[in-house]
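Colleague: I would like to learn how to read a model like this one. Please take me through it step by step.

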Amino acid sequence: MTDTPARQHRPVTALTKTLPPWSLIAAGAVAGGLLGGTYGLVKTPSYTATSYVVAVPTARSDTATALGFAQVYGRVAPQLAVLGDAQVWAGVPVETLRESVRTATSPDAPMVSVTATSSRPDLAADMANAVARALTRHAGDTERSTHVELQQFARAVEPTEPSSAPARVTGLVGASAGGLLGGLALLVRPRRPVDRAGRPAAVPGPALAADAHGQL
């Protein structure tokens with residue numbers, strides 16, 4: 001009974017030895033491509049929409065001041081005071097806005113971009129426009145002290161294509177990762193020992209044997 005596992009293991013070992021080394025890379029690439037493609041098909045697509053607001057200096061201000069306040073407004077946009085008003089127009093909770101909306105500013109232009117991501121294209125546009133509207137309203141409340149007016153530069157439009165990677169891209173990424181892992185496995189696998197069982201034992205020649213006998 002002890003020979004049965006060994007006998008079953010021998011064909012697998014022999015098959016592994018007969019496979020070419022690049023088979024590990026090919027198997028990893030195929031497996032990774034299948035997993036990546038399946039993930040791209042199963043994952044819910046996401047849509048991204050962006051709205052832009054611009055800081056405009058008044059008669060008692062200048063462009064440098066507007067640029068500085070644009071940086072401030074970009075940091076204020078994700079705060080609760082702004083998102084609390086935006087949730088009314090977007091129709092979603094504050095936590096959803098906090099998780100889905102991102103702002104960005106430019107060091108060269110007094111502009112703030114408000115980007116929202118959602119599984120629904122219409123909701124992504126609504127959230128971006130709602131946060132931009134709430135930010136503009138809060139900036140208007142402090143315009144007398146800042147001397148900077150925040151105006152909407154471009155409204156977010158409903159995206160027509162998802163921003164998430166399609167199945168063919170995730171499949172290619174998975175195939176690349178699987179091939180890389182297969183190559184690493186090929187590098188770290190143990191080397192096969194050299195089989196010395198079939199080599200005959202070395203026997204000293206007649207001359208060497210006679211010399212050794214005379215010395216004794």
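Colleague: What share of the contacts in the protein chain with a separation of 6 or more joins residues 24 or more positions apart?

Modeller: A contact means heavy atoms within 4.5 Å. Here, residues 24 or more positions apart account for 78% of the contacts with a separation of 6 or more. This is a predicted model: local features need pLDDT of at least 70, side-chain atom pairs count only at pLDDT 80 or more, and totals for chains, interfaces and linings use all residues. Residues are numbered from 1 along each chain as its sequence is written, and side-chain values use heavy atoms, with hydrogens and water left out.

Colleague: How many helices and strands does the protein chain have?

Modeller: Both are DSSP runs, numbered from the N terminus: helices are H or I with at least four residues, strands E with at least two. This chain has 9 helices and 4 strands.

Colleague: Which residues of helix α4 are buried?

Modeller: Buried means under 20% relative accessible area, exposed over 50% (1.4 Å probe, protein chains only). In α4, residues 80–90, the buried ones are Val82, Leu83, Ala86 and Ala90.

Colleague: Why do the buried residues of α4 line one face of the helix?

Modeller: An α-helix has 3.6 residues a turn, so residues three or four places apart point the same way. Down the axis of α4, the buried residues fall within an arc of 85 degrees, so they line one face. That arc is taken from the directions from helix axis to C-beta atoms. Leu80, Ala81 and Val88 are exposed on the other side of α4.

Colleague: What covers the buried residues of α4?

Modeller: The cover includes α3 (63–76), α5 (94–100) and α6 (121–141).
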